[in-house]
Amino acid sequence: MSGLWTWEQKELARPTTKQEVIKAGLAYLEGVGADLICKVCIPSGGSCCLSCPFLSDGVGCGQRNTSCTAWLCGFLKYIYYEAGLLREWEDFWEQVPGQQFRYDTTPRHFAVRGWLEPPKLRFLSAAFADDLQRLRQERPASWLVELKGKLDWHIDEILDSTNPKFVKKTEAKLYRLTSDFEQFHRAKTQLN
């Protein structure tokens, strides 16, 4: 994405604040059911906030910012991808300036050209979380973190590719990685 906006894009820009964008991102994550995945993943050693200086034991995040809100783990990225939400999510966050790893320099006020409307897809994450909970009991402790990384990597490969054959082949790998997620795949049929 270019840093320059056309006249039409400037006309469509919506003034906003850093806090409003974070609030919209959190509402979107709630609409997808991110908390349901986190309730399984974090106790299993998959915390994405591990070793973050803003994380307080027993309290949680002490300084939520734009980069942390915009970031998706492999599980959420996979769910967003399967639900057709990933491009919308990424396009929105590309507009937000100043995102850094674990901190940001996002200005207090800026403009965006589009907005995130929270989806109603908690059922999809609930099914995925149930499958994840069931499957992690049968697998080695490292399985959950490894799966999350593989899903993340394969989706990034798909997003970076312009080759339809490669995309189809990589989507087949995603399906093989998640073939035991029976409840999720059943829930996914409700999307159409």
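Which residues form the negative surface patch? Glu 88, Asp 91, Glu 94 and Glu 117 do. Keep in mind while browsing these panels that the model is predicted.

**Figure 1. The whole chain, before zooming in.** Start with the overall layout: the protein chain has ten helices and four strands. Read from the N terminus, the order of elements is α-β-α-α-β-β-α-α-α-β-α-α-α-α. The chain runs to 192 residues, and buried ones make up 39% of them. Take the contacts between residues at least 6 apart in sequence: 78% of these join residues at least 24 apart. The accessible surface comes to about 11300 Å², with 54% of it belonging to carbon and sulfur atoms.

**Figure 2. The negative patch, seen from Glu 117.** The patch members are Glu 88, Asp 91, Glu 94 and Glu 117. Glu 117 sits in the loop that links strand E4 (109–112) to helix H7 (122–138). Is Glu 117 buried or exposed? Its relative accessible area is 54%, so Glu 117 counts as exposed, the cut-off being over 50%.

Figure 3. Gln 19 belongs to helix H2, which covers residues 18–32. With 53% relative accessibility, Gln 19 is classed as exposed.

**Figure 4. The Arg 14 and Glu 20 salt bridge.** The structure holds nine salt bridges, and this view picks out one of them, between the side chains of Arg 14 and Glu 20. The N to O distance here is 3.2 Å. How exposed are the two ends? Arg 14 is partly exposed, at 31% relative accessible area, and Glu 20 is also partly exposed, at 30%.

Figure 5. Which residue does Lys 77 meet at an N to O distance of 2.5 Å? That partner is Asp 152, and the two side chains form a salt bridge. Lys 77 lies in helix H5 (residues 74–83) and Asp 152 in helix H8 (residues 143–160), so this pair ties together parts 75 residues apart in sequence. A second salt bridge runs from Lys 77 to Asp 156, with the closest N and O atoms 2.8 Å apart. Asp 156 is in helix H8 too, so its pairing with Lys 77 in helix H5 ties together parts that are 79 residues apart in sequence. Because they share partners, the salt bridges join Lys 77, Asp 152 and Asp 156 into one network. As for accessibility, Lys 77 is buried at 9% relative accessible area. Asp 152 is partly exposed at 23%, and Asp 156 is partly exposed at 28%.

**Figure 6. His 154 and what it touches.** Stay on helix H8 and find His 154. Its relative accessibility is 11%, so His 154 counts as buried, under the 20% cut-off. What is His 154 in contact with, leaving aside neighbours within four places in sequence? The partners are Thr 170, Lys 173, Leu 174 and Leu 177.

**Figure 7. Glu 146 across from Gly 74.** Glu 146 is another residue of helix H8. Here the relative accessible area is 45%, which puts Glu 146 in the partly exposed class. Gly 74 is 72 residues away along the chain, and the C-alpha atoms of Glu 146 and Gly 74 are separated by 9.7 Å.

**Figure 8. Leu 76 and its nonpolar contacts.** Back to helix H5, where Leu 76 has its place. Leu 76 is buried, with 7% relative accessible area. Apart from residues up to four places away in sequence, Leu 76 touches Leu 29, Ala 34 and Ile 37.

Technical notes: Residues are numbered from 1 along each chain as its sequence is written. This is a predicted model: local features need pLDDT of at least 70, side-chain atom pairs count only at pLDDT 80 or more; totals for chains, interfaces and linings use all residues. Side-chain values use heavy atoms; hydrogens and water are left out. Patches are made of residues with over 30% relative accessible area and no salt bridge: like charges are joined within 9 Å, nonpolar side chains (Val, Leu, Ile, Met, Phe, Trp, Tyr) within 5 Å. Accessible areas come from the Shrake-Rupley method with a 1.4 Å probe; for residues, only the protein chains shown count as cover. A salt bridge is a side-chain nitrogen of Lys or Arg within 4 Å of a carboxyl oxygen of Asp or Glu. Lys and Arg count as positive and Asp and Glu as negative; His and the chain ends are not counted. The place of a charge is taken as NZ of Lys, CZ of Arg, CG of Asp or CD of Glu. Helices (H or I, at least four residues) and strands (E, at least two) are DSSP runs, numbered from the N terminus. Buried means under 20% relative accessible area, exposed over 50%, partly exposed in between (1.4 Å probe, protein chains only). Contact means heavy atoms within 4.5 Å.
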